[in-house]
Amino acid sequence: MGIVVENVSKQFGSFRAVEQISLEIKTGSLVALLGPSGSGKSTLLRLIAGLEIPDSGRIILTGRDATYQSVQERHIGFVFQHYALFKHLTVRKNIAFGLEIQKMPRARIKARVEQLLELVQLGGLGDRYPSQLSGGQRQRVALARALAVEPKVLLLDEPFGALDAKVRKDLRIWLRRLHDEVHVTTVFVTHDQEEAMEVSDELVVMNHGKVEQIGTPAEIYDNPASPFVMSFIGPVNVLPSSSHIFQGKGFESPHPEVFLRPQDVVIEIQPSDTTVAARVSRLIHLGWEIQAELTLDDGQVVTAHLTRERFDELNLEPQQRVYVKPRDAKAFPLYYSI
């Protein structure tokens, strides 16, 4: 394994930041630590990096116990949210910094830096200073600097958090392609579910210092292990099990709440034995899909997502009377499909 975390805990005063976490990250994989603020994901990353020492448990990197090793001994590349570039050094000098500390021969440093400039698509910009680059370009310089020393593990702490939505989207596509080229074991922290699902091989979903679920993006989205995971990964309607939309569907839940994804809300123009009446209270055009807010006769509000084709087919308008039914829903720990 690339990284093994065994029963690791970390406490700051009376606050338990990480509590008895165990996980294994395969060599060469790209794994996201995903969770809300205060879930412990950044603390876990800092424990792996050696920036914090665990109160208990072990951290094993590439087969060796690294629990009490220094940051330098761990051979880790670390990229922060705010670049942390040297403003007075050129792009080329920033990338070369770690290699110069290692006293690598100049010719090898030059060759390595030029190789990395091409790898991160910054060829021709080596003589510029960080202030002359865009935010996305600066983050790519930070990644190149981290990769320069050929780390065994690459750690990214919310690497795209300071960037706007369009740049974030472009950079995470680029990061995935870069990882497929270099295959360094990579762990990155994010609270952005879409970012984590798009980039990573596997997700580690965290909450209150504990791991809620580990799995591929598809596994976690399709088979969430808890109400928290289902609510956190992707949009969801949380409805009382007594809601009209579930009545007469052959489903009776002992649990007070039922979770229903917006894409699993079926809208029809004509009533049937399996539908209930609703009113279209709002339509939101999101480009590639339409979000419809529906008010059921019992007062419950349900959000539905429709493709452009389905929306055009239904020809929906605000305040229109429609008829809805659930396709799939989940009540923990029971699951039913209609």
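## Helix H4

In this predicted model, the 14 residues of helix H4 (residues 135-148) should span 20 Å at 1.5 Å a residue, and the end C-alpha atoms of H4 are 20 Å apart, which agrees. The expected span of a helix is taken as 1.5 Å times one less than its number of residues, while helices (H or I, at least four residues) and strands (E, at least two) are DSSP runs numbered from the N terminus. H4 is largely enclosed by the rest of the structure, because 13 of its 14 residues are buried; here buried means under 20% relative accessible area, exposed means over 50%, and partly exposed lies in between, with a 1.4 Å probe and protein chains only. After H4 comes glutamate 150, whose phi is positive, near 50°.

Residues are numbered from 1 along each chain as its sequence is written. Local features need pLDDT of at least 70 and side-chain atom pairs count only at pLDDT 80 or more, whereas totals for chains, interfaces and linings use all residues, and side-chain values use heavy atoms, with hydrogens and water left out.

## The chain as a whole

The protein chain holds nine helices and 19 strands, and its C-alpha atoms fill a box of roughly 80 × 45 × 30 Å along the principal axes. Of its 338 residues, 51% count as buried. Among the contacts in the chain with a separation of 6 or more, 64% are between residues 24 or more positions apart, a contact being heavy atoms within 4.5 Å.

In soluble globular proteins, nonpolar side chains tend to be buried together. Leaving aside neighbours within four places in sequence, leucine 154 is in contact with residues including Gly77, Val79, Leu143, Ala146 and Leu147, and also with Val184 and Thr186.

Ile95 is also among the buried residues of H2, together with Val91, Asn94, Ala96, Gly98 and Leu99. The buried residues of H2 pack against helix H3 (106-119) and H4, and just after H2 lysine 103 takes a positive phi of about 60°.

The largest pocket contains about 740 Å³ of space. Of the 23 residues that line this pocket, Ile76, Gly77, Phe78, Gly98 and Val149 are the closest to its centre, and the elements that give two or more residues to the lining are strand S6 (76-79), helix H2 (91-101) and H4. S6 supplies the largest share, four residues. By class, the lining has 16 nonpolar, five polar and two charged residues, where Ala, Val, Leu, Ile, Met, Phe, Trp, Tyr, Cys and Pro count as nonpolar, Asp, Glu, Lys and Arg as charged, and the others, Gly among them, as polar.

The second largest pocket has a volume of about 300 Å³, and the residues that line it include Asp192, Gln193, Glu194, Tyr221, Trp288 and His305. Helix H6 (residues 193-199) gives the most to this lining, with three residues, and the lining divides into four nonpolar, four polar and three charged residues. Pockets and cavities are found on a 1 Å grid over the protein atoms alone: a cavity is a set of points where a 1.4 Å probe fits but cannot get out, a pocket is an open set with protein on both sides within 12 Å along at least five of seven lines, and lining residues have an atom within 4 Å of a point. Grid points are joined across faces, edges and corners, and a volume is the space filled by probe spheres set on the points.

## One cavity

A search of the whole structure finds one cavity of 30 Å³ or more, and about 40 Å³ of space lies in the largest cavity. Leu154 is one of the residues that line the largest cavity, as are Leu30, Leu147 and His179. Helix H5 (residues 165-182) provides the largest share of this lining, four residues.

## Two loop residues

Glutamine 300 is found in the loop between strand S15 (289-296) and strand S16 (301-307), and counts as partly exposed at 25% relative accessibility. Glutamine 300 lies 61 residues from leucine 239 in sequence and 7.6 Å from it in space, C-alpha to C-alpha.

Leucine 286 is found in the loop between strand S14 (276-285) and S15, and at 39% relative accessibility leucine 286 counts as partly exposed.
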